[in-house]
Amino acid sequence: MNQHMIRNLSTLVALRNTEVERLQTEMAEKTSLRERYQKNLERLTGLYTNSGASGNLPLALAGNCGDYKQAVMQMADNHRLDLHMHEADMAVAQQALNAAWVKREVLDKVLNKQQKAVRQQHDAKERKQHDELATQLWFRGQK
């Protein structure tokens, strides 16, 4: 019975380990994506800040430059919004990872406790057998 329970617990711990590893991989991918968002935002910001002043240009070019800046700024704002949404998703994924890790740790503690109990039972049984053998030897020596 105990060996069956230990085998089942071991399987559950292995499944929880797999789940934690999967969630860690997802978090790593999400972190990488967040870094790409941030780098792209830096590039977009650089594009509209480095495009220069449009007031010194002829009217047609000034309008064109202004439209360009507005389009890039709008794109950066959309990108910022996407980044915030992604960071919220990352927070939810981190909570899921933490919950999975806690579940795995709890099962691991239960498994270790069961293994320790089985070892103690086995050791007690072994000690009892040694005591019985020692008692038999002592009785034989008395005859």
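Visitor: Where is the place of Lys30?

Guide: Lys30 sits in helix H1, residues 2–49. Keep in mind that this model is predicted.

Visitor: Is Lys30 buried or exposed?

Guide: Buried means under 20% relative accessible area. Lys30 has 17% relative accessibility, so it counts as buried.

Visitor: Which residues is Lys30 in contact with, leaving aside neighbours within four places in sequence?

Guide: They are His86, Asp89, Met90 and Ala93. With Asp89, the side chain of Lys30 also makes a polar contact of 2.4 Å.

Visitor: And His79: in which helix is its place?

Guide: His79 belongs to helix H2, residues 59–142. Its relative accessible area is 17%, so His79 is buried. Beyond residues up to four places away in sequence, His79 touches Tyr37, Asn40, Leu41 and Leu44.

Visitor: How many salt bridges does the count come to?

Guide: Look for a side-chain nitrogen of Lys or Arg within 4 Å of a carboxyl oxygen of Asp or Glu. By this rule there are five salt bridges. One of them joins Arg16 and Glu19, at 3.0 Å from N to O. Both residues lie in helix H1, three residues apart, about one turn of the helix. Arg16 is partly exposed at 26%, and Glu19 is partly exposed at 24%.

Visitor: What separates Arg22 and Glu26 in helix H1?

Guide: They are four residues apart, so about one helical turn lies between them. Their salt bridge has its closest N and O atoms 2.8 Å apart. Arg22 is partly exposed at 44%. Glu26 is partly exposed at 29%.

Visitor: Which salt bridge does Arg104 form?

Guide: Its side chain meets that of Glu105, at 2.9 Å from N to O. Arg104 is buried at 15%, while Glu105 is partly exposed at 24%.

Conventions:
Residues numbered from 1 in each chain as written. Predicted model: local features only at pLDDT ≥ 70, side-chain atom pairs only at ≥ 80, totals over all residues. Heavy atoms only, no water. Helix = DSSP H or I, 4+ residues; strand = E, 2+ residues; numbered from the N terminus. Buried < 20%, exposed > 50% of the residue type's maximum accessible area, 1.4 Å probe, protein only. Polar contact = N/O pair within 3.5 Å; in protein donor to acceptor, adjacent residues only side chain to side chain. Contact = heavy atoms within 4.5 Å.
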